Amino acid sequence: MAGTDAMTSGRTHAPSVGQRITRIEDGPLLTGHGEFLDDIVLPDLLHCAFVRSPLAHARVDAIDVEAARALPGVHAVLTLDDLMPQLRSGRMPLGASPVGGQNKSTPFVLSDKEVAYVGEPMVLVVAESRYIAEDAAALVNIAFSSLPVVSDARKALADGAPVCRTELDSNRMSNFHVGYGDVDEAFANAAHVFEDELWQHRGCGHSMEGRGVVAEVRPGGELCVWSSTQMPHDVYYMLAGMLRVEQEKLRVVTPDVGGGFGPKYCFYPEEAALPAAALLLRRNLKWVEDRRETFISSIQERDQYWSMQVAVDSEGLLLGLRGRMIHDQGAYAPKPVNLPYNAVTAVTGPYILPAYRMDVDVVHTNKVPVSSVRGAGYPQAAFTMERMLDLVAVRLGIDRAEIRRRNLIPADKMPYTKKLQARSGASLVYDSGDYPAAQAQVLAAAGWSDFAERQKKALDQGRYIGIGLANAVKGTGRGPFESGAVRISQDGKVSIFTGATAMGQGIATALAQICADELAIGPDSISVTAGDTARTEIGLGGFASRQMVTAGSSVKLAAKAVAAKAIKAASKILSVPEGDLELDDGYVREKTGNQSISLGELARVLRGAPGYAFPDGLEPGLEATIRWRTDALSYANACHVAEVEVDPDLGQVTITRYVALNDSGRMINPMIVEGQVQGGIVHGIGNALYEFMGYDDEAQPLTTTFQEYLMVTATEVPNLETIYRETLAPGNPIGAKGVGETGTIPAAAAIISAVENALSPFGLRISQTPVSPEILFKLIKSARDAARQNPDSQS
Amino acid sequence: MQEITLLVNNRPYSGTVEARTTLADFLRHSLGLKGTHLGCEHGVCGACTVLVDGASVRGCLMLAVQAEGAIVETVEGLAADDGTLHRLQEAFSKEHGLQCGFCTPGMLMTLIELLRENPSPTETEVREAISGNLCRCTGYQSIVRAVLSVTGRPVGAAGDL
């Protein structure tokens with residue numbers, strides 16, 4: 001059994017953490033044998049479609065379902081009234097909260113009195129096939145009376161503006177302030193003050209697999225719900241509160257999830273309606289979101305309007321930053337609103353900022369509800385800060401990298417406490433990282449210092465090339481915990497059970513690597529069950545770049561505990577001192593002698609058998625469950641440099657080079673980290689240049705296909721050059737920081753900085769994202785027109 | 001209902017379908033070949049790409065009845081009968097050309113067509129070939145690298161992007 005590795009390491013298996021091993025997830029996914037939600041087949045499964053509101057705001061006068069019910073193949077056409085016997089409330093609970101109660105911003109399971117956005121679910125149709133269900137949905141006849149529409153969050157706060165739902169007194173959902181220091185004094189004493197109005201829009205999440213739900217009615221009053229969600233436990237807790245079914249009779253499972261990216265974080269009306277209908281009809285039901293439904297019913301991260309002022313001294317050192325932000329929340333808030341809070345508390349990023357104040361209005365509109373998309377407010381924060389720093393640099397004639405260097409938190413100030421609080425009330429403490437060194441490293445790799453010369457040469461040839469950079473930090477590993485259980489079965493197989501959700505990131509492989517090293521086995525023999533409430537009693541799920549840190553730490557400690565127990569049990573059974581034993585390749589062996597016992601045998605002993613001896617002083621079972629607790633975040637950081645070429649006559653931007661540095665602490669699997677960083681950057685490229693969820697003045701969605709809403713394809717991206725630092729996180733047992741969002745956060749800021757730099761001969765300023773060719777063309781045209789009218793004003 | 005007979009991954013199938021049933025739904029629900037995924041159902045994302053008589057088609061835009069008598073290839077037919085992965089599947093795993101795996105079957109089938117027509121594509125040609133396949137996870141680079149690794153051409157070689 002012993003291979004050559006044993007000669008050097010003393011173990012059959014070399015340590016797996018830190019290695020680019022291929023993923024244990026890949027086999028079924030590559031051969032068409034994955035099991036995504038729509039692949040689940042159950043006996044007598046019926047298929048569902050939703051009738052959705054065609055209007056952004058209307059009173060519902062009557063719902064006539066008779067023609068739909070009469071269609072052959074239709075089993076039921078259900079309104080909220082029909083579902084109410086199965087529900088404790090017709091209104092959704094506040095997801096991802098311990099309260100779970102309803103409020104005036106939570107959506108309805110089905111809306112039957114008033115609708116507040118195009119796409120709001122109203123009627124559930126159950127039929128023998130999805131085709132028939134959609135036929136029947138088209139036959140549901142609903143009489144509406146149109147109500148005034150709130151389509152622009154900025155106008156929604158005006159006196160006399162209509163309200164987006166008649167139950168509200170105002171469209172202002174909340175107003176809050178964050179800040180510290182004496183901002184007014186900072187501005188009064190500043191050498192320079194600059195201001196800007198920024199508009200930011202991030203569009204949709206668009207995992208390639210949409211949402212979906214299967215509800216199975218089981219004997220004994222049990223209900224099993226599969227959902228393509230990032231949050232199976234939250235779905236479980238919320239459903240248990242919603243349905244008239246005992247919590248212990250409910251199970252929620254995530255099948256293979258075809259991407260998350262934020263929208264699958266929320267608990268949705270469809271996830272309540274389907275189980276309620278299944279209980280009502282005593283039938284197994286399936287609903288799979290189609291892409292049009294994604295556009296009009298999965299949460300989006302849409303518009304934020306930032307009015308900002310920055311105060312600096314004569315050297316460009318930050319003295320103060322202040323402003324106001326209006327956040328478009330859409331029609332409802334399905335979970336506590338964290339995006340605007342994240343955004344304004346993340347603005348100061350990796351920089352030292354002595355004084356800060358933001359006033360924030362969270363505003364309802366008649367559009368799809370807003371929640372987190374990859375980055376969750378941090379990309380907007382980075383865009384705001386980085387754009388303001390560029391403004392200072394350009395106005396003061398200081399190099400953009402230099403002004404950042406002057407303001408970055410130096411490494412010797414780590415850990416660095418920001419004078420801001422997280423939503424939990426805890427201080428924001430940056431645990432580790434060397435931001436100036438990271439920036440210097442990426443600038444050197446990207447050839448920042450000689451770019452001006454290259455730019456001049458290009459301009460002489462009539463080509464507009466530009467370079468931009470942006471820094472970012474991201475608080476990762478949000479607690480309070482994630483479950484990690486390690487169990488050795490009687491045949492010696494090692495299994496991990498976790499509340500973390502596998503949604504394509506490769507979490508199973510990474511957890512297996514951590515576990516493998518503790519047990520001295522290979523990672524590919526380990527099975528990982530993630531996201532099944534019957535296998536993991538409590539857990540949280542996938543969000544906030546948290547699972548590697550939280551689940552990884554729990555699995556590490558659980559595997560360590562199992563290893564210690566195996567040694568202890570083997571010591572008693574073999575009568576060998578613990579110190580003379582080691583784990584290797586599924587056995588506990590004597591280090592020097594030749595006695596050994598397999599993990600399977602130890603598991604069989606420790607599971608107990610009547611009439612057989614049980615080792616003294618040991619608890620039954622060769623397993624351990626750890627819920628490693630944390631309230632602190634591990635701060636990952638990134639610095640990106642983008643190079644672009646812009647055709648000013650077409651407004652066309654080509655990204656010609658992209659160099660990104662990422663520091664997410666210890667890399668458990670560098671290949672997976674690279675995949676996260678690259679995918680994250682490309683999401684950010686979409687946010688910078690392409691992705692736009694449009695609505696007209698009546699809040700009718702304008703972009704409901706991938707022909708109108710542009711996703712980045714393979715031909716728009718250059719080969720991304722990625723560089724890694726590994727500043728170990730001091731606050732968790734594995735030293736890792738999250739990586740799922742760090743690629744996205746600075747990308748739009750870096751690209752827009754580069755585009756503006758390319759167009760510096762026109763002296764224009766770009767204060768928005770995304771920037772389409774049309775928008776860029778208009779900016780260039782107005783700059784040209786202004787230059788023509790006032791030739792002396794050009795810089 | 002219409003009778004259709006077709007060859008899928010070298011096995012003959014016959015069945016009855018409604019005229020409006022798409023080829024993708026027929027493969028998934030009637031034949032149980034669920035490796036073909038539906039990502040947009042309007043012909044843009046490419047997740048449902050299968051080969052019909054050797055040419056890549058959108059399974060969501062073609063009706064099953066149009067495949068009468070056709071030779072259809074899906075992702076399930078790529079690996080050998082003994083489970084040995086096709087070299088492109090192997091390369092996807094090695095180069096991390098997949099994350100969630102939802103777009104992967106469509107990517108693979110699109111690339112199988114490319115490699116049959118052009119066994120040694122440039123990076124630019126690979127990127128153009130998959131420009132009709134959306135992937136939200138990878139950023140495409142690892143997919144491109146996987147393809148080039150089976151052709152022996154290095155990423156970023158002269159004459160490429």
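This is a predicted model: local features need pLDDT of at least 70, side-chain atom pairs count only at pLDDT 80 or more; totals for chains, interfaces and linings use all residues.
Trainee: Is the crossing in which helix 18 of chain A passes helix 19 of chain A left-handed or right-handed?
Mentor: Residues count from 1 along each chain as written, with chains lettered from A and ligands numbered from 1 in written order. Helices are DSSP runs of H or I, at least four residues, numbered from the N terminus. A near helix turned anticlockwise from the far one by less than a right angle is left-handed, clockwise right-handed, and helix 18 of chain A passes helix 19 of chain A in a crossing that is right-handed.

Trainee: How do the axes of helix 18 and helix 19 of chain A cross, and what is that called?
Mentor: Axes are lines fitted to C-alpha atoms over the stretch in contact, with angles from 0 to 180 degrees between N-to-C directions. These two come within 8 Å and cross at roughly 50°. Under 35 degrees is roughly parallel, over 145 roughly antiparallel, 65 to 115 roughly perpendicular and the rest oblique, so helix 18 of chain A is, relative to helix 19 of chain A, oblique.

Trainee: How many residues does chain B bring to its contact with chain A?
Mentor: Contact means C-beta atoms, placed from the backbone, within 7 Å. Chain A gives 45 residues, and chain B gives 46.

Trainee: Which helix of chain B supplies the largest share of that side?
Mentor: Helices 2, 3, 4 and 5 of chain B each supply at least two residues. The largest share, 4 residues, comes from helix 2 of chain B.

Terms used
Two residues are in contact if their C-beta atoms, placed from the backbone, lie within 7 Å.
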